[in-house]
Amino acid sequence: MKKYLLVLTIILAVVLSGCGNKQESKAKQKKFTIAFGVGTYEEQFRKGILPILKKEGYDVTIKTFSQNDQVNPAMIKGDVDASVFQSRAYMNSINDKLGGHMIVNNDVPTAPQSLWSKKHKSIDEIKDGQTIAVPNDPVNQERAFCIFEKQGWVKIDKDAGTVNFNQKSVKPGKYDLKFKELHPAQILRALDDVDYGVVNGNYIADSDRVIADGLLVEKTPEQHKVVLTINEEDKDTEWAKALKKAYYSKTFQDWYQKQEKYKGFIVPKEWK
């Protein structure tokens, strides 16, 4: 019996040692995969962050998804290690929905929403019966209606929520307006058919426009700022720390500030 217990103890010690070595190896690894939707945030990373990481010896694989809703399932499954495309609010909603354990690693320069029109030159032309295009997903739609509420155009119920927001929580304010729900990527193309449209900032930056030129620009609340997301189990890895350091570095700041297309973005509060 004593011999059996001794053998069992030795086996257990070997297994625990192996797990410990595996965790330590993962924490120090210099290789990881990061995911993006198409456009702005991937470009910022590839041109501004990746050169910093390469100098530090990191081997980075970039995966670009054609649809943003494909990224988080890949994160949760472990096919990618990090991502840049979503807000805190959206990340939390997906954690609840899919049972994920994603956390914020660091902030990134965020593209606020803005209001655009091909038919009107200013918001002074707003009037009853006009149609405004808004994002069709709850989180971005809530952001859009908060812009309208600040102008007094609508009133939002106090219990409207964010991740389950819908137009049933909205009542007319100064004007009786119509709202057309569209996929965020379609709103710029739909401006010929509506009076105004609220466009997510990454789509503006990827066009020939500048966010600061919008008729209205969102004062983005903390919960809607874009973040770099990782899985909780990776929070102490060297690559996660390196990502945070790179995004807050003076090298990246200097590169970023030379890019005219990002005028109007909200930069991380950690920037000096």
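**Salt bridges in a predicted model**

By the rule used here, in which a side-chain nitrogen of Lys or Arg lies within 4 Å of a carboxyl oxygen of Asp or Glu, the count comes to 15 salt bridges. This is a predicted model, in which local features need pLDDT of at least 70 and side-chain atom pairs count only at pLDDT 80 or more, while totals for chains, interfaces and linings use all residues. Residues are numbered from 1 along each chain as its sequence is written, and side-chain values use heavy atoms, with hydrogens and water left out.

Biologist: Which helix holds both K47 and E43?

Modeller: The side chains of K47 and E43 meet in a salt bridge, with 3.5 Å from N to O. Helices are DSSP runs of H or I with at least four residues, strands are runs of E with at least two, and both are numbered from the N terminus. The two residues are four apart, about one turn of the helix, and both lie in helix α2 (residues 40–55).

Biologist: How many residues apart in sequence are the parts that R88 and D107 tie together?

Modeller: R88 forms a salt bridge with D107, whose closest N and O atoms are 3.0 Å apart. R88 lies in helix α4 (residues 88–98) and D107 in strand β4 (residues 102–107), so the parts tied together are 19 residues apart in sequence.

Biologist: Is D107 buried or exposed?

Modeller: Buried means under 20% relative accessible area, exposed over 50%, and partly exposed in between, with a 1.4 Å probe and protein chains only. At 6% relative accessibility, D107 counts as buried.
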